[in-house]
Amino acid sequence: MSRQSQSTDIAVTEPVDTDTGVIKDHAAGVPAVAVALARGLEQMGPVRTARTLAKLNQRNGFDCPGCAWPETPGHRKHAEFCENGAKAVAEEATRRRVTPEFFAAHSVDDLRERSGYWLSQQGRLTHPMYLAPGDSHYRPVSWEQANQLIADELSAMSSPHEAVFYTSGRTSNEAAFVYQLFARSLGTNNLPDCSNMCHESSGSALGASIGIGKGSVTVPDIESADLIIIAGQNPGTNHPRMLSTLEKAKHNGARIVAINPLPEAGLMRFKDPQKIGGVVGHGVKLADDFLQIRLGGDMALFRGVARLLLDAERAAPGTVFDQDFLDAHCTGVDDYLRSLDDVDVDEILAATGLTYAQIRDLAEAVASADRVVLCWAMGLTQHRHSVATIGEGTNVLLLRGMIGKPGAGLCPVRGHSNVQGDRTMGIFEKMPESFLAAQDAEFGIDSPREHGYDTVAAIGAMARGEVRVFFAMGGNFVSAAPDTDLTRAALARCALTVQVSTKLNESHLATGRAALILPTLGRTDKDLVDGVAQQVSVEDSMSVVHLSRGSLPPASAHLRSEVGIVCDLATAALGPDHPVPWQHLRRDYNLIRDHISRVIPGFEDFNIRVRLSDGFVLPHPPRDRREFDTPDGRAHFALHPLDWVRVPEGKLILQTLRSHDQYNTTIYGHDDRYRGIKGNRRVIMCHPDDIAAAGLHAGDRVDIISEYEGEAGIEERRVDDFELIAYSTPRGNAAAYYPETNPLVPLGSVARESNTPVSKAVVIRLEPSRTAD
């Protein structure tokens with residue numbers, strides 16, 4: 001692959017002023033501290049704020065309910081949290097309350113007219129609430145009545161597969177384990193979770209390539225890498241504590257390459273507010289290179305890099321590839337190298353929107369680095385060809401022997417705290433036989449082997465009327481799922497929907513014929529059972545398991561822990577003679593951990609090791625021993641036809657994303673400080689030339705219509721009244737916030753192999769708003 005020209009037909013723009021603000025060139029700093037403290041004081045008051053934040057992510061405190069980024073082992077700061085972590089804690093530890101009197105004053109129809117932001121700002125739920133069939137208001141109900149209502153619906157099912165048990169990523173290991181144990185004791189593997197909608201593509205790709213669906217690096221690996229590639233990820237907003245890790249890597253000499261359709265402040269410059277330079281200085285420039293790639297062009301970029309590595313290896317044999325690693329540990333090398341001979345440089349440039357020089361420079365950096373880490377998030381995982389893209393990035397690292405090497409490896413940056421731990425605990429519709437057999441032997445049950453529903457399949461089953469009971473352990477399912485109108489209608493076909501929650505959200509208003517809201521303890525709350533304080537554990541993004549201990553008095557005496565909710569329901573639904581000792585597990589979480597230690601490899605002596613100061617690290621054979629749990633015990637090169645996202649004439653490709661003032665579906669406010677957008681979430685960011693080509697102007701109000709070719713032809717979905725923002729993004733690409741634009745994402749548009757909704761490649765057109773004043 002060679003090319004003299006260094007230009008393409010794609011204009012790569014610098015960050016531009018928008019009509020509503022100025023794009024920031026740095027993350028954190030004093031404003032982040034000010035915002036974090038202001039939110040804490042507003043929600044918690046000064047004393048509660050000081051006491052709560054002092055325990056956040058500390059050894060004797062509680063784990064952040066936000067992202068899953070870990071601390072550096074043995075080097076925790078006194079303030080080990082970020083702005084968005086502080087916001088998450090303020091939302092959970094708020095003094096505001098949603099009582100039965102609140103529900104008496106607000107009908108369900110009234111609440112449906114409110115925004116998600118308004119709902120979340122009302123405060124913590126205090127009582128179990130029941131919406132009876134045909135009723136207009138939620139009304140208080142006892143826990144015994146709630147459990148009996150659920151048990152009656154479960155017993156009325158003609159098959160256990162008429163129940164769906166959804167899980168959010170903030171559920172603890174102990175709660176997740178008993179939750180999946182209950183579902184399988186009932187007889188179903190219908191265990192969809194939030195990972196189905198975010199990193200399922202990572203698990204599918206890594207499982208096929210290296211035999212385990214988890215990343216292969218630790219925080220010290222990233223800090224000692226000399227090249228860090230960050231693709232499709234915005235750590236400044238989604239994982240802000242990662243910026244401190246990247247700063248250490250820069251101090252140690254790392255080169256950082258950011259690959260993203262949008263310029264992201266956190267990857268430009270980081271101002272650590274815990275350092276003098278972050279307060280009065282300019283901070284640290286993080287990204288040495290910013291490759292403003294077209295949406296969906298990452299697979300082509302990785303393949304172009306791989307081809308240039310092959311050219312360099314052929315020119316100087318033995319100087320680029322790690323041939324010893326390839327010979328000893330890899331399968332499919334020759335077939336993959338032959339496929340690189342078919343690489344078309346013009347297709348690579350068209351797919352990526354980058355210049356040949358940019359791709360060449362990245363390839364040279366990969367070829368010369370001794371320790372390479374590849375990080376990614378939803379910008380890679382939510383495309384039709386996501387599994388192939390991650391496989392292609394893995395191929396590049398395999399060629400250089402960067403798996404199982406200190407300072408190198410693969411880093412899928414998980415979002416929600418403990419989303420990875422939930423999967424480890426068995427929250428998966430396709431758990432392997434080894435797990436099911438070990439669990440059956442431990443408890444004397446007979447787990448089903450038939451695969452269950454993932455999130456997309458569960459919505460489809462509900463829409464067909466095949467689900468009687470939908471049970472959600474945390475989260476905001478209707479706002480997190482794609483195709484919002486279809487999802488809401490699907491939930492309405494259930495006989496009963498149950499939401500285990502800390503706060504009010506839109507899913508409490510997308511009900512079945514009957515609905516229950518079950519209030520639960522949060523991470524910040526003290527969990528007392530018979531006067532004894534309980535502790536839970538979580539697994540971070542680097543496979544480290546550690547304890548979490550809440551300390552605040554619960555918002556109400558009527559709250560129950562997630563473990564308690566599951567165990568009491570299991571007793572009501574399965575009877576007191578069931579072989580699982582539910583009530584013993586409810587009273588002592590140490591017993592749950594003892595069972596886990598005998599069911600799940602790597603958790604031996606769980607109760608002892610989790611009490612170590614930094615917890616313990618789960619085994620990762622590729623990282624630890626260069627062993628691969630694949631059929632032949634070797635790493636496999638991924639072989640996929642090159643795929644990329646083409647922009648239809650007169651259309652745009654939309655990616656949905658978070659603002660800086662939200663976490664997942666929780667909206668903290670209406671500003672996106674790092675992107676210079678203030679007071680409005682109904683915005684769409686487009687290249688100025690695309691706005692002009694459509695005959696529109698920045699500031700115009702438009703409706704967004706998605707176009708999807710389904711089985712019956714072109715399907716259209718619409719959201720109304722968005723403000724056009726001129727923004728730095730590749731031509732043909734656009735960006736807007738979710739959940740506002742989730743209605744545009746078709747349920748049938750999913751990634752191959754992983755079935756993840758394609759939220760980063762939605763074909764749209766813009767029309768002048770039909771509802772604008």
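Modeller: Gladly! Let us begin with Phe 470, which counts as buried because its relative accessibility is 0%; buried means under 20% relative accessible area, exposed over 50% and partly exposed in between, with a 1.4 Å probe and protein chains only. A word on the basis: this is a predicted model, in which local features need pLDDT of at least 70 and side-chain atom pairs count only at pLDDT 80 or more, while totals for chains, interfaces and linings use all residues. Residues are numbered from 1 along each chain as its sequence is written, and side-chain values use heavy atoms, with hydrogens and water left out.

Tyr 166 is buried too, at a relative accessible area of 2%. The structure holds 16 aromatic pairs, and Tyr 166 and Phe 470 make one that counts as stacked, because the ring centres are 6.4 Å apart and the planes lie at 25°. For such a pair, the centres of Phe, Tyr or Trp rings (for Trp, the six-membered ring) must lie within 6.5 Å; planes under 30 degrees apart are stacked, over 60 edge-to-face, and the rest tilted. This pair links distant parts of the chain, since Tyr 166 belongs to strand E6 (residues 163–167) and Phe 470 to strand E15 (residues 469–473), 304 residues apart. Here helices (H or I, at least four residues) and strands (E, at least two) are DSSP runs numbered from the N terminus.

Next comes an edge-to-face example, Phe 606 with Phe 616. Phe 606 is buried at 1% relative accessible area, and Phe 616 is buried at 5%. Their pair is called edge-to-face because the planes are at 80°, with the centres 5.8 Å apart. Phe 606 sits in helix H29 (residues 606–609) and Phe 616 in strand E22 (residues 616–617), ten residues apart.

There is also a group: Phe 165, Tyr 179, Phe 182, Phe 471 and Trp 582 form one aromatic cluster.

Two tryptophans have charged neighbours. Arg 114 lies over the face of Trp 118, 4.3 Å from the ring centre, and the charged end of Arg 646 sits over the ring of Trp 644 at 4.0 Å from its centre. A charge sits over a ring if NZ of Lys or CZ of Arg is within 6 Å of the ring centre and within 35 degrees of the ring normal.

Now to the spaces. The largest pocket has about 1,100 Å³ of space. Its lining has 31 residues, and Gly 211, Ile 212, Gly 213, Lys 214 and Pro 432 are the closest to its centre. Helix H9 (200–210), helix H21 (419–424), helix H22 (433–443) and helix H30 (621–625) are the elements giving two or more residues to that lining. On a 1 Å grid over the protein atoms alone, a pocket is an open set of points with protein on both sides within 12 Å along at least five of seven lines, a cavity is a set where a 1.4 Å probe fits but cannot get out, and lining residues have an atom within 4 Å of a point. Points are joined across faces, edges and corners, and a volume is the space filled by probe spheres set on them.

The second largest pocket has a volume of about 690 Å³. Among its 27 lining residues, Gly 116, Glu 506, Arg 682, Pro 739 and Glu 740 are the closest to its centre.
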